Amino acid sequence: MKFDIIAVFNRSITIELINDKRYNLDNPYSVYLDGKIVKTSKLNVTTINGLHPDQKYEIAVEYDGVIEKVEFTTLKETYLLDVRDNGAVGDGKTNDTHALQAAISICPEGGTVHFTKGVYYTGPLFLKSNITLWLDKDAVLLGDTDRANYPILPGMVKNEDDYSKELSMASWEGNPLNSFASLITGVGVSNVDIIGEGLLDGNAQNSDWWVDVRTKRKAWRPKIIFLNNCKNVRVQQISVQNSPCWTIHPYYSDNISFLDMDIYNPDNSPNTDGFDPESCSNIKIIGTRISVGDDCIAIKSGKIYMGTKHYKKTDNIVIRNCRLARGHGAVTVGSEVAGGASDVHVERCLFTGTDRGLRVKTRRGRGVRSIIDDIHIENIFMDAVKMPFTVNMFYFCDPDGHTQYVQDQEEMPVDSRTPKVGSLYVKDVECTGIDAVLGCAYALPEMPIDLIHLENINAVFLPENERNGECPIMMDNFQTMNGKSLYIRNVKKLEIKNVTIKGCEDKMPDLINIGERQIEGLNYAEI
């Protein structure tokens, strides 16, 4: 079995098998380090720990009697600092914030801050450039439950010499608004690794973060990891849970990788998205497991103010070999997407039990730079996903979300507030246990979607007595669906090739205001 080393750190590496399997293999493989077996796994992505800095190793993977070998050298490390040497107690009760921050602040360039076994009760910690944070397997950073101990990041700061210049320091749902600092906060840092088998626990269930969530109390809720204007940050294998709000939020950042991680928030926890890359470029989410109370991954680029005054498109997003469970959407684009989003590739993943698989949502008012384009979903297995594909250009978010301007289904003038959806590609997808609809896309009549391409899709619905039905898109005056195959409205070009749908209620799709059609092999069948 061929494999790639996708990331080398000072004390670990992450490898990815090269195959067409989704997330994992049927049978286990063995991993050898310098000729000794160190691990067996079925996962396409796995991490090897226990390495030493600046040392040469040979790694081998054996599968079905075939062995592939690769040599590599771990990264150098200047110094290793144990947080307990700075006074951290790690008993889960003593507030260790100052000791932990001191360890980070004094760590020399190229050094590693080592969180050894223990539960470190802490408020927000601020990163610095050119260091590594290493959390041992039994190391836990446990979030302080008192919001009074959380510093506030201002939504926007002005240049005292030129008030036309401003910098966003914090964000809340697409706007530059004051927010509490996050458990791990990085502002303007670069070349940072966060590694190890440890746990970041936001401890939100023991605080009031999930209570009265639409009321601002001093500032808006924090995340667990917030990266603002950062570059070259990698997070490997860390587990994250119980986030006060969005779990991991890269913001105006580039070259960020999240590898072989576990993210868990209870299914009733509000707005606890897994990942929210916002106005970012070159983001990799590989080999990660997410189960949360909202969207697993939500790709964003701000609301109209940030999209206009601080324009930065989100692009080059790779999501691969992940398992995305529960939540409202497995992979969502929007709705705060005024800067646009493009070049998104989701491959070899499992979606299980989410409301929607691919979910695109926008609305009038996002602006002309809000262009969602070049979205690719390929080689995916969806199980018990109620509505595998939805596109909604009438999303009723924000205070004006139910106004006539946003919700009017008649054609309106195209102006500076009109968003656009370009091309969406869905290929080589298997769906089982569908409830409401296989695919529902409703574009603006004044701005039809450029292209929807559906190819090599096998879809199987739940039996009628097991379906509940649901309104697939959050807009006013739209119908509930139950066992519906396809509803597609206002599209310039629709391509359907080799799509088989079993057990739905209808025998043909609803295709309304479609321009060019290329339909080859749309098949309906009984279960």
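Me: What makes strand β13 largely enclosed by the rest of the structure?
Reply: This is a predicted model. In it, β13 covers residues 131–135, and five of its five residues are buried, so the strand is largely enclosed. Buried means under 20% relative accessible area.

Me: Which residues point each way from β13?
Reply: Ile131, Leu133 and Leu135 point one way. Thr132 and Trp134 point the other way. All are buried.

Me: How do you know that β10 pairs with β13?
Reply: Pairing needs at least two bridges between the strands. Four bridges join β10 (residues 112–115) to β13, and the two run parallel. Thr112 stands opposite Thr132 of β13.

Me: What makes β20 a partner of β13?
Reply: The cut-off is again at least two bridges. β13 and β20 (residues 190–196) have five bridges, in the parallel sense. Leu133 has Ile194 of β20 as its bridge partner.

Me: Why is Thr390 called buried?
Reply: The limit for buried is under 20% relative accessible area. Thr390 has 2% relative accessibility, so it counts as buried. Thr390 is found in strand β37, residues 387–392.

Me: What does Thr390 touch, not counting residues up to four places away in sequence?
Reply: Thr390 touches Arg356, Leu358, Arg359, Val360, Cys440, Pro472 and Ile473. Contact here means heavy atoms within 4.5 Å.

Me: Why is Gln409 called partly exposed?
Reply: Partly exposed lies between the buried limit, under 20%, and the exposed limit, over 50%. Gln409 has a relative accessible area of 25%, so it is partly exposed. Gln409 is found in the loop between α3 (404–407) and β38 (420–421).

Me: Which residues is Gln409 in contact with, leaving aside its neighbours within four places in sequence?
Reply: Gln409 is in contact with Phe394, Tyr442, Pro445, Met475, Asp476 and Asn477. As for Gly327, it is 82 residues from Gln409 in sequence and 28 Å away in space, C-alpha to C-alpha.

Me: What makes the phi of Asn316 worth a remark?
Reply: Asn316 has a positive phi of about 55° although it is not a glycine. Asn316 is in strand β31, residues 314–320. At 28% relative accessibility, Asn316 counts as partly exposed.

Me: Why is Asn490 called buried?
Reply: Asn490 has 5% relative accessibility, so it counts as buried. Asn490 also has a positive phi, about 70°, although it is not a glycine. Its place is in strand β42, residues 484–502.

Me: What is the peptide bond from Gly334 to Ser335 called, cis or trans?
Reply: That bond is cis, with omega near 0°. Ser335 is found in the loop between β33 (329–334) and β34 (341–352).

Me: How do you know that the radius of gyration agrees with a compact globule?
Reply: With 527 residues, a compact globule would have a radius of gyration near 24 Å. The chain has 24 Å, which agrees. Its C-alpha atoms fill a box of roughly 70 × 65 × 40 Å along the principal axes.

Me: How many helices and strands does the chain have, and what share of its residues is buried?
Reply: The chain has three helices and 43 strands. Of its 527 residues, 60% count as buried. Among contacts between residues at least 6 apart in sequence, 72% join residues at least 24 apart.

Me: How many positive and negative side chains does the chain have?
Reply: There are 57 positive and 72 negative side chains. The centres of the two sets lie 1 Å apart.

Definitions and conventions
Residues are numbered from 1 along each chain as its sequence is written. This is a predicted model: local features need pLDDT of at least 70, side-chain atom pairs count only at pLDDT 80 or more; totals for chains, interfaces and linings use all residues. Side-chain values use heavy atoms; hydrogens and water are left out. The radius of gyration is taken over C-alpha atoms; the globule rule is 2.2 Å times the number of residues to the power 0.38. Buried means under 20% relative accessible area, exposed over 50%, partly exposed in between (1.4 Å probe, protein chains only). Lys and Arg count as positive and Asp and Glu as negative; His and the chain ends are not counted. The place of a charge is taken as NZ of Lys, CZ of Arg, CG of Asp or CD of Glu.
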